[in-house]
Amino acid sequence: MGGTALQCKDDPVDPAPSNPQTLCSGTFSDGTSINVANPQPLAEVPLPEQSFCDFHTFAWNQFLYLTQTVQDPNDPVTPSKPRFLSYAPWYNMLQPDGSPRPGAFPGGVTTLQVSHLDQKQAGSGQDELVDVAGNTVLYDLRFNQTMYDFIAGGTYYTQAGYDAFCQPTDPSQPFTLCGNTTQIWMPWGTSTDLGSMELKSAWRQFPGNDCPSTQMYCAGSNLGLVALHIAQKTPTHGEWVWASFEHVANTPDCAAGSSSPIAPLSPLGSPWAFFNPSTAPASVMETKTCGVVPGNAQCNLDPKVGTGFQQVNICRTDALPAGGASAANCAVVGSSTSDPNANSGGNVSCLNATLRPQLAGIWGNYQLVGTLWTKGTQAPDQDFWIDIFQSPKQGVPEKTAVGFPNLANTALETYLQIGSTAYDPNGSGLSNANKAGCFGCHNPVAQDTATDLSHFPSKFDDLTEPRVPSKP
């Protein structure tokens, strides 16, 4: 870490992008640039180059578009809101067995409703994330019109309808393989029309109705946005493109020398949301390093206590490099054996440092923490398998995860971070030692709870067993 990689003569290097993308600071390899004042949605990562920098720039472009303020006629409570909150919530699209077909997109009221939010994290641990104030983080899941129309317009909007296609081998058990191994391929759009999109967001609760609206986006006065995960299927990336954003005051980095080191206060001068310096060992604050492995377990610990959950200090293991928009961070390079992810960490740091100051208000307090896809292109209606994360499949392409192969959001996949093995909820089969990341759980295997890398079928259970008790 921090060393200089030497280039060997026999080290293959992909052709470096040509100008005008000499720096990863908002310009795509096709010569177009992000329009911060008026961002437009992109249906595809710009062709033909699709450099690594292009994917991270694509992620930022989509975030800017999705957080633009719109007037939503389907929200009688908060009609002026970020665009992504005008998309269809999962409970508008998925219905109990025997229900009529959902109405036209977005299927009803789009108001963020606590009674329909989820408080369980990804992973087999079914853990919860508790902030420094002792409140549990809640999660929302939404779909764009392309995906909504496909699910609601077909027969997959009820458990019975989905199971009729899937034919699960054991319907009583979760993660059961489908008897029908054919995937339900989500629509991938065209070069100009958006393909399927899923938006998962994480929300801190403020029971005192004191959400700090000058620092973060607040839905009303009691919910504050701390993370947004964007997954989008495109014509050339059937594995979907995954991008994750976080509020800058969520957590510090686990190791010193990175972009957001351990400190008494967050970069905003406010308390951290999920790290409490007063409960951290003195050595952690002195060395700016928080251990996450057995024998030195100080952060990212098991949050379970009895039948409930407690606050534990959280830090980021897959940290971005310090230096902001430095020449080294902004350099656009090709993928090589010595640098397979083509300076992705540096490029994201450069984009964050370049774009965040251009944003007015609270949106400048959010940052991209990583983007994930597979190298090369992948047909949107063909099977494949991803090296490291899945077992080989005969007769289908082997793909390699790139960009941020172990992408994890500290508010969405808190306990599934690479290298964080002091608490490893998924066990040896999907260990944080080497298999942390989106593709560990989102993979091309047809199950009763997943298809085409989407977990939308897993939400059917929440129709009958809500994970957050209904509140007035």
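What share of the 472 residues of the chain counts as buried?

Guide: The model is a predicted one, in which local features need pLDDT of at least 70, side-chain atom pairs count only at pLDDT 80 or more, and totals for chains, interfaces and linings use all residues. Residues are numbered from 1 along each chain as its sequence is written, and side-chain values use heavy atoms, with hydrogens and water left out.

Of the 472 residues, 55% count as buried, that is, under 20% relative accessible area with a 1.4 Å probe, protein chains only. The chain has 9 helices and 16 strands; these are DSSP runs, of at least four residues (H or I) for helices and at least two (E) for strands, numbered from the N terminus.

Two strands are said to pair if DSSP finds at least two bridges between them. Strand β7 (residues 223-234) pairs with β8 in the antiparallel sense, over 7 bridges. The two strands form a hairpin, with 2 residues between β7 and β8. Within this pairing, Val241 of β8 has Gln232 opposite. Strand β8 also runs antiparallel to strand β13 (residues 366-374), to which 6 bridges join it. There, Gly370 in β13 stands opposite Ser244. In a regular strand, side chains alternate between the two faces of the sheet.

How values were computed:
Buried < 20%, exposed > 50% of the residue type's maximum accessible area, 1.4 Å probe, protein only.
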